[in-house]
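Here is a short report for a reader new to this structure. Look over the sequence and the model first.

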Amino acid sequence: MPRLSEEIEVIERETRAVFGEHNARMVAFVTAIGQTDQRPQPGTPAPDFALPNADGALVSLSDLMGPRGLVLMFIRGLWCPYCNAQMRAFEESVADLAAAGLCLAVITPEVGGRAAETKATLGLSCEVVCDVDEGVALAYGCLIPLPQIDQEFLSAQGYDLTQLYGNGAWFLPLASLFLISADGVVRAVLGGADQCARPGPEAVLAAAGDLAPGA
């Protein structure tokens, strides 16, 4: 399999003609509203939650935690090729994460059984949980109000977020990674305003090197 960065380059090249202007607008918008700075910063407690997993069982932050910590991945949904590439890359590194004492969990805003669909489609071994009404994305500072022009653009491309997300708010999650130590504290936040630039497992493992053994 190609490295994540190589797969991202292919996606960008193949979609630039249609999505290039939209992606550039979103980078400018996220930067202008300072969304990346609204996320919990390293050293602060990670917001707890109770969300249904792919099997419909409620799971909390502590339920998802590994011996040394948790990698919490916010995605936009199975409709997003960048999210899919990132999830595949992390699935390929699950053994490396486990060796570092870390579990991986994916949070999707897609409802209607799509957490299970995401897990099955991509062959994920990690938990995939459904952020019903995107309340957890809000708590983690990852909720973007989608501008009207981009609502119309995504709708024209066949992506009706009101149907996929189960509400008419048109809020889009900011794809982000949180490295959370076993004591429930945010240790690193990865991912920025450019949703086409996705950090891979190598970046998480490098950040996890600072976690105390058994923390």
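Is E7 buried or exposed? E7 counts as buried, because its relative accessibility is 14% and the cut-off for buried is under 20%. The model behind this value is predicted.

## The sheet

Five strands make up an open sheet. Their order is β5-β4-β3-β8-β9, and the pairing is mixed. The edge strands are β5 (127–130) and β9 (186–190), and each of them pairs on one side only. On average, neighbouring strands of this sheet are turned by 20° against each other, direction ignored.

Strand β4 covers residues 102–108. β4 and β5 run in the parallel sense and share four bridges. In this pair of strands, V106 stands opposite V128 of β5.

## Helices on the sheet

Helix α3 (residues 81–92) packs on the sheet. α3 touches β3 (69–74), β4 and β8 (176–181). The direction of α3 makes about 160° with that of β3.

Helix α9 (residues 201–208) packs on the sheet as well. α9 touches β3, β4, β8 and β9, and its direction makes about 25° with that of β8.

## The buried side of α9

Which residues of α9 are buried? They include P201, V204 and A208. These residues lie on the same side of α9, because they cover an arc of only 60° around the axis. The buried residues of α9 pack against strands β3, β4, β8 and β9. They also pack against α3 and α4 (94–99).

## Salt bridges

How many salt bridges does the structure hold? There are four. One of them joins E7 and R88, with the closest N and O atoms 2.3 Å apart. E7 lies in helix α1 (residues 4–32) and R88 in helix α3, so this pair ties together parts that are 81 residues apart in sequence. E7 is buried at 14% relative accessibility, whereas R88 is partly exposed at 26%.

D150 and R25 also meet through their side chains in a salt bridge, at 2.8 Å from N to O. D150 belongs to helix α7 (residues 148–156) and R25 to helix α1, so the pair ties together parts that are 125 residues apart in sequence. D150 is buried, with a relative accessible area of 2%. R25 is partly exposed, with a relative accessible area of 26%.

Another salt bridge links the side chains of D183 and R187, at 3.0 Å from N to O. R187 is partly exposed, with a relative accessible area of 38%.

How values were computed. Residues are numbered from 1 along each chain as its sequence is written. This is a predicted model: local features need pLDDT of at least 70, side-chain atom pairs count only at pLDDT 80 or more; totals for chains, interfaces and linings use all residues. Side-chain values use heavy atoms; hydrogens and water are left out. Two strands pair if DSSP finds at least two bridges between them. Helices (H or I, at least four residues) and strands (E, at least two) are DSSP runs, numbered from the N terminus. Axes are lines fitted to C-alpha atoms, for helices over the stretch in contact, and angles run from 0 to 180 degrees between N-to-C directions. Contact means heavy atoms within 4.5 Å. Buried means under 20% relative accessible area, exposed over 50%, partly exposed in between (1.4 Å probe, protein chains only). The arc is that of the directions from the helix axis to the C-beta atoms.
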